[in-house]
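Hi there,

Here is the structure I promised to pass on to you. Please open it next to this email as you read.

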Amino acid sequence: MEHPVPEHTATDHIATDHLATDHLATAHIATDHLATDRVVIAGGGPTGLWLAAELRLAGTPVTVLETRHERDPHSKALTLHPRTLEVLAFRGVAEPFLAEGRRIPSGHFGGLDDRMDFAVLDTPYPFTLALPQARTEELLEAHAVAAGADLRRGHRVTGLTQDEDGVSVGVTGPDGPYTLRAAYVVGCDGTRSTVREAAGIAFPGTDATTWGWLGDVVLDDPPEGAVYAASGPAGGVMAVPMPGGLHRIVGGDPDSNGPDHPGELTLDALRAKVTRIAGTDFGMRDPSWLSRFGNATRQAAAYRRGRVLLAGDAAHMHYPAGGVGLNVGVQDATNLGWKLAATVAGTAPDALLDSYHTERHPVGADLLLSTRAQTALMNAQSPEGQDLRTLLSQLVATVPAFSRSLAERLSALAVTYPPTAPGHPLTGHRAPNLELAGSTDLFTALRPGRYVLLDFTGTPAPAPGVVPHTAPRPAGRPAWSTVRAALIRPDGHVAWASDEQDDEVLGAEIRTAVSATTGLGVDAP
């Protein structure tokens, strides 16, 4: 489970200070060099850092502006899901995460007693990976900086204006205010996004009606197992071990229901809540972090307005059920990165950026649907609610298809993008890590961040400017059994595929498909 920034924290000021262009009109502002090919990212959390690395992979100049002078030591998120691990893998950076994280071969939906089995998922990573966000950010920052991203800590975006040629960004840094010029600006600056508000993008949704609670504490008598969970009429609680001898205790109870913030959480209050639910406090002491979080749920009306785009928590706000927030943000960035880089480079039409909203806004809407449903289950303390939980939990345990469907949705392996025109049934689907000739695989072929052409015929058709990756016929994958060629996007989704049996006709189809995308870069082995 993740924990969003509480609604009462000190970050409130970034949403209201100088949202218009006051700084831009001030004569004393220092002006940075005018960079018409640069992308400015507001927010140096996981979403912003991963987007920066994706843009640098294509050679796009990137400046990341992060308000915090130091990385937040408190880890709001603890979980990396299978699709996020796949994304890291097809950029060649998954190993440090896998080496440090703890693999949990299951996941929960709404805190139900029976957990979904991730072992059945079609992925090299059939598990959730428990890793504190602070460490995830540290690894992502190292990756982005090594790729050449300009990360500026202690620099706060205060406003922006956009015109036909670019965006002027007002910034306050350690040495005072200045203006930064960019081709595009991406708001990865959280639920109180300054960028979103300055761009005039609405953030409709619902206010909090219940409040969860969280404590990172030492347990003298910890529960056994990778994850402990208990629920009943008194509420629900989960306990997960963390590095450094800590456990995260997170849950909710009827006393926390209501629109008003219940006030600061104390260790005594946490101890009392956990004892009522679990029958013990596990010997909790020495908290390093105590917090509350609400279920306010909102989504940006548009993920793009002109030269301004949104990703991560700036685009969607929700209860941290299932620990999906960080993951969806990184996946937003993976969808956006190659499109934005190609647009800045002039090798793709501006309309390509519109597909970012078209593809990712429905994913965000589904995220809100799932987290709202899980919130209802977590707060189902009435006798009827308890029976609903029991029924759904039994279905998870006894109906494999039901459990797998929930797991595929939670892990983002089920995400499919709508095709722009009628085509092959695989178009828009996530491509699995197919075996390729030469003792390699698709995820390795995707590392340059370019399109990958797959040929399953054994006699590749010539295509100007690209050598296809030959691949054996995929075994055990009915959807791929008749595919003879496929073009895979830089984000690992199928752009085009064909079952055409006539080699001459197939060759023409391949040349047409490649011609339509070579400006975006097609990988050759």
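First, the ground rules. This is a predicted model, in which local features need pLDDT of at least 70 and side-chain atom pairs count only at pLDDT 80 or more, while totals for chains, interfaces and linings use all residues. Residues are numbered from 1 along each chain as its sequence is written, and side-chain values use heavy atoms, with hydrogens and water left out.

The helix pair

Helices (H or I, at least four residues) and strands (E, at least two) are DSSP runs, numbered from the N terminus.

On the helix 8 side, V328, Q331, D332, N335, L336 and K339 make the contact, and they meet S355, Y356, E359, R360 and L367 of helix 9. Contact here means heavy atoms within 4.5 Å. The residues of this contact divide into four nonpolar, three polar and four charged. For these classes, Ala, Val, Leu, Ile, Met, Phe, Trp, Tyr, Cys and Pro count as nonpolar, Asp, Glu, Lys and Arg as charged, and the others, Gly among them, as polar.

The pocket

The second largest pocket holds about 600 Å³ of space. A pocket is an open set of points on a 1 Å grid over the protein atoms alone, where a 1.4 Å probe fits, with protein on both sides within 12 Å along at least five of seven lines; lining residues have an atom within 4 Å of a point. The volume is the space filled by probe spheres set on the points, which are joined across faces, edges and corners.

Of the 28 residues in the lining, T420, T427, Y451, A495 and T517 are the closest to the centre of the pocket. Helix 8 and helix 9 turn up again here: along with strand 29 (494-498) and helix 13 (503-517), each supplies at least two lining residues. Helix 13 gives the most, with five residues. By class, the lining has 16 nonpolar, eight polar and four charged residues.

Single residues

Most residues other than glycine have a negative phi. D286, in strand 19 (residues 284-294), has a positive phi near 50°. A412, in the loop between helix 11 (400-411) and strand 24 (435-436), also has a positive phi, of about 75°. D286 is partly exposed, with a relative accessible area of 46%, whereas A412 is buried at 10%. Buried means under 20% relative accessible area, exposed over 50% and partly exposed in between, using a 1.4 Å probe and protein chains only.

Strand 19 also holds F293, which is buried at 1% relative accessibility. F293 and P320 are 27 residues apart in sequence, with their C-alpha atoms 8.7 Å apart in space.

E137 belongs to helix 5 (residues 133-146) and is buried, at 3% relative accessibility. Apart from neighbours within four places in sequence, E137 is in contact with G44, G45, P46, L49, R68 and R71.

Finally, D72 sits in the loop between strand 3 (62-66) and strand 4 (79-80) and is partly exposed at 24%.

Best wishes
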